[in-house]
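Subject: Structure handover

Hello,

Please find the structure for your files below. My notes on what was found in it follow.

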Amino acid sequence: MSSVIRVLAVAALGVSSMGLAPVVAQASTDGTQALKITRIKCHATEDNTGADDIYLVVDGTVIMNSIQFTAGDDKDIADIPIEAGKVLTVMEGDWPDDDDNLGAKRINGAGNYEFTDDGAHYTVSIG
Ligand SMILES: [Ca+2]
Ligand SMILES: [Ca+2]
């Protein structure tokens, strides 16, 4: 892993010395697992009345701002990158009550991940 990072760092230096914007840091660090969150389906909401306000968190950082879901909603998400091995937490916003944690899953590859805590049920598709 460290040798890969070193190679990328060298590549980044090479690119920036050519006068290009140093955006290489945003590239996938391993080149093999460029995962994206592509879709969220709501089978059951957490809130009893009205739509859920679903947002996604990785490492304490919100990676997707709140989107409303009601049961049966199946929404395309604008390809949010997520690094393999990270833990994805699905949150449901409430106010003035505390937000609800609907589950946390380690993302190990492409596929469907089910989040079923607090009586809700969401499927997050990763591709
Ligand atoms: Ca709630
Ligand atoms: Ca709510």
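**What was found**

Lys41 stands opposite Thr123 in β8. In that strand, Tyr122 is the bridge partner of Cys42. Helices (H or I, at least four residues) and strands (E, at least two) are DSSP runs, numbered from the N terminus.

Some notes on conventions. This is a predicted model, in which local features need pLDDT of at least 70 and side-chain atom pairs count only at pLDDT 80 or more, while totals for chains, interfaces and linings use all residues. Residues are numbered from 1 along each chain as its sequence is written, and chains are lettered from A and ligands numbered from 1 in the order in which they are written.

**Overall make-up**

The protein chain has one helix and eight strands, and along the sequence these run α-β-β-β-β-β-β-β-β. Of its 127 residues, 19% count as buried, meaning that 20 or more other C-beta atoms lie within 10 Å of the residue's own, with C-beta atoms placed from the backbone. Among contacts with a separation of 6 or more, 51% join residues 24 or more positions apart; a contact requires C-beta atoms, placed from the backbone, within 7 Å.

**The sheet**

An open sheet is formed by four strands in the order β4-β1-β8-β7, with antiparallel pairing. β4 (74-83) and β7 (111-115) are at the edges with a single partner strand each, so one side of each has no neighbour in the sheet. Direction ignored, neighbouring strands of this sheet are turned by 30° against each other on average, the axes being lines fitted to C-alpha atoms.

Two strands count as paired if DSSP finds at least two bridges between them. β1 (residues 34-44) pairs with β8 (residues 121-126) in the antiparallel sense over six bridges. β1 and β4 are also antiparallel, over seven bridges, and Arg39 stands opposite Asp76 in β4.

**The core**

A nonpolar core is a set of buried Ala, Val, Leu, Ile, Met, Phe, Trp, Tyr and Cys residues joined through C-beta atoms within 7 Å. The largest one here has 19 residues, of which Ile82, Val90, Leu102, Tyr122, Val124 and Ile126 touch the most other members. Two or more residues each come from β1, β2 (52-58), β3 (61-69), β5 (87-92) and β8, and β1 gives the largest share, four residues.

Leaving aside residues up to four places away in sequence, Ile82 touches Leu35, Lys36, Ile37, Val58, Ile63, Leu88, Ile107 and Ile126.

Regards

Notes
A residue is buried if 20 or more other C-beta atoms lie within 10 Å of its own, exposed if 12 or fewer, and partly exposed in between; C-beta atoms are placed from the backbone. Two residues are in contact if their C-beta atoms, placed from the backbone, lie within 7 Å. Axes are lines fitted to C-alpha atoms, for helices over the stretch in contact, and angles run from 0 to 180 degrees between N-to-C directions.
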